[in-house]
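Trainee: I have the sequence and the model open. Could you show me how to read the features in turn?
Mentor: Gladly; ask away.

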Amino acid sequence: MYFVHFKTLHAMLIIVMCCFAGVLMAQNAKSETLRSFLPESVDGWQAEHSGKVYGRDNLYEHINGGAELYLSYKFSAMINRVYMEEGQPDIIIDIFDMGKPENAFGVFMHSRETVDTTFGQGSESVPGMIHFWRNRYFVSILAYPQTEASDAALKKLAKTVHNRIGKDGLLPQIITRLPNKNLIPSTIRYFTHHVWLNSYFFIAEENILQIEDATHCVLAKYNYDQKKAVLLICQYTDKEQARSARDRFIASYNPQLEVQNSLQEEDDTWISFKQDMRSLAIVFKAPHRQQAEKLLQSVTNLEE
Amino acid sequence: MAKNLTRRDFLKHTGQASIAGALYLSNPGIIYGNQSKKSRVVLIRHKDVLDDNGQPRKAILADMLDEAVSTLLQESDIQKAWQQIIKPDDVVGIKTNVWHLLPTPPMLNDLLTERVQQSGVTENQIGVKDRGLLSDAIFKKASALINVRPMRTHDWSGVGSLIKNYIMFVEKPYAYHDDSCADLASIWHLPHVKGKTRLNILVMLTPLFHGVGPHHFNPKYVWQYDGLLVGMDPVAVDAMGVRILQAKRKAYFGEDRPINPPPKHIRMADERHHLGTADPAKIDLIYRGWAEDRYI
């Protein structure tokens with residue numbers, strides 16, 4: 001009996017050690033990949049260190065208070081490097097490995113205000129800052145306060161990292177469902193965590209659409225003569241989950257939606273929704289009923 | 001029990017949901033408890049409080065602080081006003097905020113220290129700190145706390161608030177991150193914190209009204225508001241701060257742009273934890289000083 005237990009214990013120990021070694025090797029590989037994106041210098045700026053790597057368990061050490069956003073987009077690893085040049089602001093670069101391109105896209109779009117593709121698959125620049133995403137990486141480069149030289153160095157560094165990442169990644173499939181007509185591209189938001197449901201306006205405090213890790217959601221604004229409707233599409237893992245989310249939404253938001261798919265709300269805008277197979281699509285704040293229903297009808301490929 | 005609020009709750013009660021994303025705090029009828037006494041909050045502004053480099057001018061900041069405290073306590077003698085807050089035998093912890101991109105101005109920490117000393121507390125019985133409170137000799141034995149921090153938007157809790165500033169009073173701050181930090185106010189009921197806070201100052205000199213990137217910061221989204229919000233009730237002060245931020249966002253973006261995620265922890269501080277009131281109908285907001293672009 002003791003012998004059996006010992007053998008079992010021994011086997012378990014080997015399995016645990018193998019798993020641990022595997023995790024370590026994977027982490028090292030990620031670290032090395034992230035390091036390979038970073039040059040030793042940019043213009044006159046020299047790297048202060050080889051790059052500090054953070055994981056899910058210690059990201060908060062680097063971005064205290066801000067880690068949860070990245071964790072909610074399934075963050076995997078990050079490298080931080082600082083470049084210094086006398087008389088110039090430090091250049092701080094953070095490259096986030098988000099595991100999958102869709103997560104890098106999601107975290108990039110989270111606070112995007114403008115449409116720009118100077119770097120990566122989408123970029124945004126404001127004085128002293130460049131953000132972009134490419135493949136599964138989200139890149140942030142900062143230098144405050146901006147100088148003429150630091151601005152040039154920021155752009156050069158962004159270009160270098162863009163090139164070293166190499167390949168583009170795929171957009172989340174759910175994005176392709178957004179109708180193009182009247183779409184305001186900079187307003188697309190992609191997420192898999194319910195807390196981002198209220199990105200444009202307050203929909204609900206609780207998770208009334210039952211958005212879980214495997215639920216893919218997209219929000220976008222549509223322009224109708226300066227008035228903006230918001231389209232939300234959530235894609236669940238199966239039809240039952242979608243149905244359950246539909247029922248919860250109706251019960252929590254407005255039970256009248258059980259008998260009418262389109263309703264005029266108290267602010268005179270229209271809400272309209274439909275469930276198709278494992279997806280739920282809802283239009284909020286449409287100026288007219290026809291606009292709400294037409295937008296909903298033009299959501300592509302809702303049948304899987 | 002906390003109500004599960006939706007956009008429709010606000011539409012039904014106010015005809016507009018735009019405020020809801022900000023805070024759900026403009027809607028007295030449906031949310032709040034039965035506090036009978038109004039919480040007094042003083043908003044004081046001075047257009048010259050910051051110099052050309054963005055640094056506070058000490059004399060003006062001191063005047064603002066004194067006038068705010070005097071107004072709050074309804075005591076024209078500032079010495080007597082402070083004596084209502086701090087006793088000579090108090091051990092005083094000034095809980096500041098050191099976030100490097102928008103810290104509590106050190107000058108304000110210094111002014112508070114001076115005022116506490118003028119109330120009769122000796123220098124070695126006063127501590128000014130943000131991190132490491134649990135092992136700090138002064139904070140461990142503090143009988144009185146003063147809470148002072150700048151307001152800013154925040155990626156997970158909606159805003160960096162007075163309520164949130166006390167997260168350093170717990171060993172594992174991440175344990176309070178669930179549900180976008182909804183239960184931060186529970187920290188205020190811990191034995192080493194409960195009932196000790198004598199004054200709350202939300203620094204609105206240069207608030208951050210929108211955040212971008214990993215550090216949730218860009219100077220583009222900091223604006224010179226030149227104000228302080230001062231009160232005894234941290235929930236009421238935070239609620240007023242959020243309304244100002246939300247109004248600025250609307251003015252800047254040209255459309256309703258709710259703080260994202262909604263600062264649920266402020267409403268929960270009222271409704272679930274009964275720390276104070278977030279209901280404007282139960283807040284007596286008193287204005288002092290510069291009124292232009294006040295947003296509230």
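Trainee: What backbone oxygen lies 3.5 Å from a polar atom of the side chain of Ser272(A)?
Mentor: That of Asn261(A). A word on the source before we go on. This is a predicted model, where local features need pLDDT of at least 70, side-chain atom pairs count only at pLDDT 80 or more, and totals for chains, interfaces and linings use all residues. Residues are numbered from 1 along each chain as its sequence is written, chains are lettered from A and ligands numbered from 1 in the order in which they are written, and side-chain values use heavy atoms, with hydrogens and water left out.

Trainee: Which side chain makes a polar contact with the side chain of Ser272(A)?
Mentor: Definition first. A polar contact is a pair of N or O atoms within 3.5 Å; within protein, one must be able to donate a hydrogen and the other to accept it, and residues adjacent in sequence count only if both atoms are side-chain atoms. Here the partner is the side chain of Ser262(A), at 2.8 Å.

Trainee: Is Ser272(A) buried or exposed?
Mentor: Buried means under 20% relative accessible area, exposed over 50%, and partly exposed in between (1.4 Å probe, protein chains only). Ser272(A) has 2%, so it is buried. This serine is found in strand 13 of chain A. Helices (H or I, at least four residues) and strands (E, at least two) are DSSP runs, numbered from the N terminus.

Trainee: What is Ser272(A) in contact with, leaving aside its neighbours within four places in sequence?
Mentor: Contact means heavy atoms within 4.5 Å. The list for Ser272(A) includes Ala281(A), Ile282(A), Val283(A), Ala292(A) and Leu296(A).

Trainee: Where is Ala292(A) placed?
Mentor: In helix 7 of chain A. Ala292(A) counts as buried because its relative accessibility is 1%. Not counting residues up to four places away in sequence, Ala292(A) touches Trp270(A), Ser272(A), Val283(A) and Ala286(A).

Trainee: Which residues of helix 7 of chain A are buried?
Mentor: An α-helix has 3.6 residues a turn, so residues three or four places apart point the same way. In helix 7 of chain A, the buried ones are Gln291(A), Ala292(A), Leu295(A) and Leu296(A). Seen down the axis of this helix, they fall within an arc of 130°, so they line one face. The arc is that of the directions from the helix axis to the C-beta atoms. The face turned away from the buried side carries the exposed residues Gln290(A), Lys294(A) and Gln297(A). The cover over the buried residues includes strand 10, strand 11, strand 13 and strand 14 of chain A.

Trainee: In what order do the six strands of the open sheet in chain A come?
Mentor: Strands of a sheet pair through backbone hydrogen bonds, either parallel or antiparallel. Two strands pair if DSSP finds at least two bridges between them. The order here is 9-10-11-14-13-12, with antiparallel pairing. Strand 9 (189–191) and strand 12 (262–264) of chain A stand at the edges with a single partner strand each, so one side of each is left without a neighbour in the sheet. Neighbouring strands of this sheet are turned by 15° against each other on average, direction ignored. Strand 10 (residues 216–224) and strand 11 (residues 227–235) of chain A are joined by nine bridges. In that pair, Ala220(A) has Leu231(A) as its bridge partner.

Trainee: At what angle does helix 7 of chain A run to strand 13 of chain A?
Mentor: Axes are lines fitted to C-alpha atoms, for helices over the stretch in contact, and angles run from 0 to 180 degrees between N-to-C directions. Helix 7 (residues 289–297) of chain A runs at about 25° to strand 13 of chain A. Helix 6 (residues 239–253) of chain A runs at about 155° to strand 13 of chain A.

Trainee: How many residues of strand 7 (residues 227–231) of chain B are buried?
Mentor: Five of its five. Gly227(B), Leu229(B) and Gly231(B) point one way, and Leu228(B) and Val230(B) the other. Strand 1 (residues 39–45) of chain B pairs with strand 7 of chain B in the antiparallel sense over five bridges. Strand 6 (residues 197–208) of chain B is also joined to strand 7 of chain B by five bridges, again antiparallel.
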